Amino acid sequence: MMKGLILNAEAKTASVQAIPIPKLDNGKRQLLIRIEAIALNPVDSLYVRNPIGETGRTVGSDFAGVVVAISPSQKHLQIGDRIAGLVQGSNSANSRPGAFAEYLLLQDDDVDLVWKVPSWMTLEDAAGVSLCGLTAAQGAFYRLGIPAPFSWAGKSSSVATASAKGEDGTTTVLIYGASTSLGLYAAQLVNLGFGGKRNLRLIGLASKSKFEMLKKEPYHYTHLLDYHSPDWPSQVREMVGEQGVDYALDCISEGDTVRNILSTLGKEPHNKVAIFRSKQSRAWDSDGIDTSKAIYGAVWEGLGHDIVYGNGMNIRATEESRNFTVGFYNWLSSGRGKLEPNPIRLMPGGLERIVPDGFALLGGGRMEDRDGVRERTEEWMRPVSAEKLVYKISD
Ligand SMILES: NC(=O)c1ccc[n+]([C@@H]2O[C@H](COP(=O)([O-])OP(=O)(O)OC[C@H]3O[C@@H](n4cnc5c(N)ncnc54)[C@H](OP(=O)(O)O)[C@@H]3O)[C@@H](O)[C@H]2O)c1
């Protein structure tokens, strides 16, 4: 038996329980991973508090670990390889594997959706890369069409053809929520997409306390504004002039953020914003605005399985989106994809402490609701800011 964090949908919580260690069937396409570290994402906490999965599902998406068994047909990996990836956990109504356990069995096409962790990266650092790194890449390259530093089936790398635009020869990219996990990867990927060319004007919205960090490599913002300042949209408009913002990523997508970002966009053909909360979530206010330039996507699209939410908001898997994930993870595996892991906060206590500590910090999905930990005085219970919450399974 092994320990796993198991959803109790009726009680809207999850607890550590003993469940069978999955067994590898050599006749099938399978991969058994011993999980060493996991990272938390707001969605894991959201769907434990508001369950759409059934009781008994294993919770959790982001993992890093070691291959302990593999079916003979799988030549791309070996026993002992250090790998990382994401699964859906209990974040859908259809049955999918979860990562917050001692072992994880991947099968069929899921076997391709892992990447080899380079020797310079710890498994704790690697655990926080897969979900937010892929989400940011999907937003920037797949949905907005910013030049990508890697290729995927049907699409070659476009870095070499990255063209400058605008009268002063610059392309302007705005990242709202620059200190989120998503934003930290988005900035790195956009910089890599422009091949280090300095005709990129990268504008970030973050707290002032993060400006020093965000100016430096690998984020390299050219302009930073405080998101607490109510007139930041006019500050951006003044900065970019008539050209407007070419591409934007709204890593918060709550309240007025989509409306404010749309007000900074320039003219066709670029002028789109990638958003990460759907209109149906009602997280952001869409009243009276043309939302056709706000393009939503869920990271799960990249897993190649239909996602059932059970509320009519199902997501169809597409081969193209899965090919994108394979291209991105191959790039990370190859070592050519020099994506710095986000700073991590290593949380104490292993699986047992995910619900009372980690999920308490992440709350029920909205940033503005992250207020449930004021009474907690432990050092690791400070608000999450520009870092990823990571647990070691062996703790
Ligand atoms: N669509 C998808 O597939 C997908 C995938 C991943 C994430 N998401 C969503 O994307 C959002 C970000 O996720 P994450 O894991 O990257 O978050 P996170 O790292 O936990 O976000 C924390 C950061 O948000 C910043 N922040 C809070 N409120 C803000 C505001 N109003 N404006 C600007 N910054 C603000 C905080 O900055 P300060 O500490 O300085 O205030 C803090 O650094 C979440 O809503 C998540 O559910 C969606």
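User: Hi! Is Cys 132 buried or exposed?
Analyst: Cys 132 is buried in this predicted model, with a relative accessible area of 6%.

User: And which cysteine sulfur is closest to the one in Cys 132?
Analyst: That would be the sulfur of Cys 251, 8.8 Å away.

User: Is Cys 251 buried or exposed, then?
Analyst: Cys 251 is buried, at 7% relative accessibility.

User: OK, how many disulfides in total?
Analyst: The count is zero.

User: Switching to rings. How many aromatic pairs are there?
Analyst: There are 12 aromatic pairs. One of them is Tyr 176 with Trp 232, a tilted pair with ring centres 5.2 Å apart and 35° between the planes.

User: What does the Tyr 176 and Trp 232 pair tie together?
Analyst: Tyr 176 belongs to strand S8 (residues 171–176) and Trp 232 to helix H6 (residues 232–240), so the pair links parts that are 56 residues apart in sequence.

User: Are Tyr 176 and Trp 232 buried or exposed?
Analyst: Both Tyr 176 and Trp 232 are buried.

User: Which rings make up a cluster?
Analyst: Ring pairs join Phe 141, Tyr 142, Phe 150, Trp 152, Phe 324, Phe 328, Tyr 329 and Trp 331 into a cluster.

User: Now the backbone. Where is the cis peptide bond?
Analyst: The cis bond is between Glu 217 and Pro 218, with omega about 5°. Pro 218 is in the loop between helix H5 (211–215) and strand S10 (223–226).

User: What about phi at His 220?
Analyst: His 220 has a positive phi of about 55°, and it is not a glycine. His 220 is also in the loop between H5 and S10.

User: Why point those out?
Analyst: Because most residues other than glycine have a negative phi, and most peptide bonds are trans.

User: And what is phi for Asp 108?
Analyst: Asp 108 has a positive phi, near 55°. Asp 108 lies in the loop between strand S6 (103–107) and strand S7 (114–116).

User: How accessible is Asp 108?
Analyst: Asp 108 has 46% relative accessibility, so it counts as partly exposed.

Notes:
Residues are numbered from 1 along each chain as its sequence is written. This is a predicted model: local features need pLDDT of at least 70, side-chain atom pairs count only at pLDDT 80 or more; totals for chains, interfaces and linings use all residues. Side-chain values use heavy atoms; hydrogens and water are left out. Helices (H or I, at least four residues) and strands (E, at least two) are DSSP runs, numbered from the N terminus. Buried means under 20% relative accessible area, exposed over 50%, partly exposed in between (1.4 Å probe, protein chains only). Rings of Phe, Tyr and Trp (its six-membered ring) pair if their centres lie within 6.5 Å; planes under 30 degrees apart count as stacked, over 60 as edge-to-face and the rest as tilted. A disulfide is a pair of cysteine sulfur atoms within 2.5 Å.
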